[in-house]
Amino acid sequence: MKTVRIGAGAGYSGDRIDPAVELAEKGDISYLIFECLAERTIAIAQEARLLDPSAGYDPLLEARMEAVLPLCVRQGIRIISNMGAANPRAAAAKTCEIARSLGLRGVRIAAVTGDDVVQQLRAGEEIVETPEGPLPPRDRWLSANAYLGVASILDALRSGADVILTGRVADPALFLAPLIHEFGWALDDWNLLGQGTVVGHLLECAGQLTGGYFADPGYKDVPDLAHLGFPIAEVSSEGSAILSKVEGSGGLLSCATCTEQLLYEIQNPSAYYTPDVVADFSHVSFEEIGPNRVRVSGGAGVVRPSSFKVSVGYRDGYIGEGQISYAGPNALARAELAHSILAERLASHPFSELRFDFIGLNSIHGPRLSKDAPTPYEIRLRAAGRAASSATAGSIAREVEALYTNGPAGGGGAFGSTREIVAIISALIPQESICHEITMLES
Amino acid sequence: MLLNQLAHARTGDKGNIVTISLIAFRKEDFVLIEQKVTAARVAAHFAELIEGPVERYCLPQLGALNFVLRRSLSNTVTRSLAVDAHGKCLGSALLALEI
C-alpha cells in the first residue's frame with residue numbers, strides 16, 4: 001500500500017528551528033509542514049503590513065528558509081506553511097530571493113491568497129452568524145481572515161509548487177492537502193478526510209506530540225527533552241498512520257503523548273469543525289508498535305459545514321502591568337501594604353478592570369485553590385489593568401516603580417509594561433463568498 | 001489521594017473556552033475516574049474561575065475524559081489580566097482534586 005511521510009517543522013510562530021533541520025536531514029520525508037499562525041498572530045502581522053507593505057509575514061520566515069531550503073530542494077521535499085500570515089505574496093518574494101541567494105534555481109514558490117476578507121466585510125458581505133456576540137465597530141478592525149480549506153493548497157500542489165506559503169488556512173488542512181494530493185482522495189470522502197484531519201491535528205503543534213508540554217518528573221518522564229525531535233506521520237492511502245520521530249532525537253512518542261495531543265483544544269471530540277470536513281475523533285485509538293512508534297486509526301467524518309469561520313482582529317484598548325518583589329522576613333506583609341497603597345493611588349484612573357496578584361502565593365489559581373500553600377520567602381506583587389487609553393494603562397508601571405521611594409521597605413526588581421490589546425472575535429460567512437488565488441514565482 | 005496519582009492532563013484554550021483532557025495512567029483506573037470526576041464536581045472545583053456549567057465527554061477506548069469550561073468574556077487570552085492569560089495551568093489544578 002502506498003504511504004506518504006510528512007514531518008511537522010513548527011508548531012507556532014516562534015518555534016525552534018533545529019528540529020525542522022533534523023527532519024529535513026534525517027526524516028526521509030516528502031513534505032515538511034510549518035504551522036505558525038496562532039489566532040491573533042495574523043492581526044498583529046496585519047498591523048506590521050499597514051506600516052510597511054512588504055512586511056506582515058512570519059518574523060522567522062527568513063531564518064527557517066535559510067536553514068531548510070537547500071536540504072529540501074536537494075531531496076525534493078515540498079514545504080507547506082502558513083508563514084505567509086498577513087502577506088503571503090511578500091513571503092513568497094522573500095523566499096524566492098533567499099533561494100537565489102543560496103544558488104537554488106528553478107524553485108517554484110506559490111503564494112496562496114484569498115483568506116483576507118476585511119474589504120469584503122467592510123463592503124457589507126453577508127455574515128451568517130456571530131457566535132461570540134456582535135462584532136465591534138468597523139473603525140476598530142485590523143484584520144478579517146477566513147480559515148481556508150484544502151482547495152487552495154491543492155491547486156498549488158497541482159501546479160508543481162515546491163514551496164507553498166499561505167495566510168490563514170485551517171491548521172489541519174496544511175497536512176490534509178498533501179494527503180489528498182498524493183492519494184487522490186475524493187473531496188467528499190468524509191471518513192478519509194476525517195482520518196487525514198486526525199493526522200493533521202496530531203502533528204500541527206509539532207513537539208507537543210513527541211513529549212513537549214508533557215514532562216512531569218516522577219510521573220511522566222521524557223528523555224532528552226533538550227533535543228526534542230519533531231513528529232513524522234507515515235500515512236497510508238486508507239488513512240491510518242504510523243507516528244514516529246527521527247531515531248536518536250530526544251522526546252517521547254507514546255499512547256499517552258498522543259492522547260494528550262488528540263484532545264488538545266478539542267471541545268466535542270465527535271464534531272471537530274474544519275472547512276473541509278466535520279471530523280470525528282471519538283473512536284480514534286493508538287497502539288504502540290515499537291519504541292517511539294505509535295499507530296493511529298479510527299478517525300471518521302461527516303459532511304463539511306456550509307460556512308467558513310472568519311477571525312476578526314480588532315483594537316481593544318490597552319493593558320498596563322507592573323511588578324515588584326519583596327523578600328525575607330515579613331515579605332508578604334510588605335507586599336500587602338504595597339498592594340493597598342497602589343490600589344488607593346490607582347483608584348482615580350479610569351480602568352475598566354484592575355487586578356492584583358501575589359506571585360508565588362496564589363496568582364495562578366486564586367486564594368481558595370491555593371489555600372494550603374506555605375508563605376514563601378519572597379513575594380512578587382503584580383498589578384495589571386485594562387483601559388481605553390495608553391496613558392491610563394501606563395500609570396500602573398509608573399505607580400509600581402514609584403513604590404521604590406514612596407512605598408514599603410525593601411522593594412526590588414520593579415518592572416512595567418504597556419501594550420495594545422489586539423482582540424479576536426469570530427464570524428461565519430458563506431463558503432461561496434470566498435475565492436482563493438495562487439501566485440507562482442520561480443527562483 | 002490526589003488525582004495526579006491516577007491521571008494526567010493537558011489544557012488548551014480557544015477564546016474564553018478552556019478544554020482539559022484527563023487521561024488515566026492505567027486503563028483499569030478509568031472507571032473510578034469516570035465515576036469520581038463528574039462535570040458537576042469539576043464545575044465546583046473551578047467555581048470562582050469559570051462561568052456556567054462544565055461539559056464532559058468520555059473516550060473509554062483512550063481512558064480519557066475531556067472537559068470544556070467557559071471563562072467570562074473579559075477573560076479570553078487577549079483580554080485577560082491574569083498571569084496565566086490562556087488558563088493553561090488549570091489542568092494542573094484539576095490534578096489536585098482529592099479522590
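1. How many bridges join β1(B) to strand β2 of chain B, and in which sense do the two run? Eight bridges join them, and the strands run antiparallel. One pair you can pick out by eye is B:Asp13, whose bridge partner in β2(B) is B:Val18. Strand β2 covers residues 17-24 of chain B, while β1 covers 7-14.

2. Before going further, please keep in mind that this is a predicted model. The scores are ipTM 0.96 and pTM 0.96. For chain B, the pLDDT averages 93, and 100% of the residues score at least 70.

3. Back to the sheet of chain B. Four strands make up this open sheet, ordered β1-β2-β4-β3, with antiparallel pairing. The edge positions belong to β1 (7-14) and β3 (55-59) of chain B; each has a single partner strand, so one side of each has no neighbour in the sheet. From one strand to the next, the twist averages 20°.

4. The sheet of chain B also meets a helix from the other chain. Helix α9(A) lies across β1, β2 and β4 (64-70) of chain B, and runs at about 155° to β2(B).

5. On the interface as a whole, 39 residues of chain A are in contact with 28 residues of chain B. On the chain A side, the elements that give two or more residues are α9 (255-262), β14 (307-327), β15 (353-359), α11 (366-369), β16 (378-387) and β17 (412-430). By class, this side of chain A has 16 nonpolar, ten polar and 13 charged residues.

6. Chain A has an open sheet of three strands, in the order β9-β10-β13, again with antiparallel pairing. Here β9 (272-273) and β13 (300-302) of chain A are the edge strands; because each has a single partner strand, one side of each is left without a neighbour in the sheet. Strand β10 (residues 278-280) of chain A pairs with β13(A) over three bridges in the antiparallel sense. Within that pairing, A:Val278 has A:Val302 of β13(A) as its bridge partner.

7. The crossing of α7(A) and α8(A) is right-handed. From α7(A), the contact uses A:Leu174, A:Phe175, A:Leu176 and A:Leu179, and from α8(A), A:Leu193, A:Gly196, A:Thr197, A:Val199, A:Gly200 and A:Leu203. These residues divide into seven nonpolar, three polar and no charged.

8. The axes of α3 (residues 61-75) and α4 (residues 88-101) of chain A come within 10 Å and cross at roughly 40°, which makes α3(A) oblique to α4(A). The crossing of α3(A) and α4(A) is right-handed. Helix α3(A) contributes A:Leu61, A:Glu62, A:Met65, A:Glu66 and A:Leu69, and α4(A) contributes A:Ala91, A:Lys94, A:Thr95, A:Ile98 and A:Ala99. By class, the contact of α3(A) with α4(A) has six nonpolar, one polar and three charged residues.

Methods. Residues numbered from 1 in each chain as written. Chains lettered and ligands numbered in written order. Predicted model: local features only at pLDDT ≥ 70, side-chain atom pairs only at ≥ 80, totals over all residues. pLDDT = per-residue confidence, 0-100. Axes fitted to C-alpha atoms, helices over the stretch in contact; angles between N-to-C directions. Parallel < 35°, antiparallel > 145°, perpendicular 65-115°, else oblique. Left-handed = near helix turned anticlockwise from the far one by under 90°. Contact = placed C-beta atoms within 7 Å. Nonpolar A, V, L, I, M, F, W, Y, C, P; charged D, E, K, R; others polar. Pairing = 2+ DSSP bridges.
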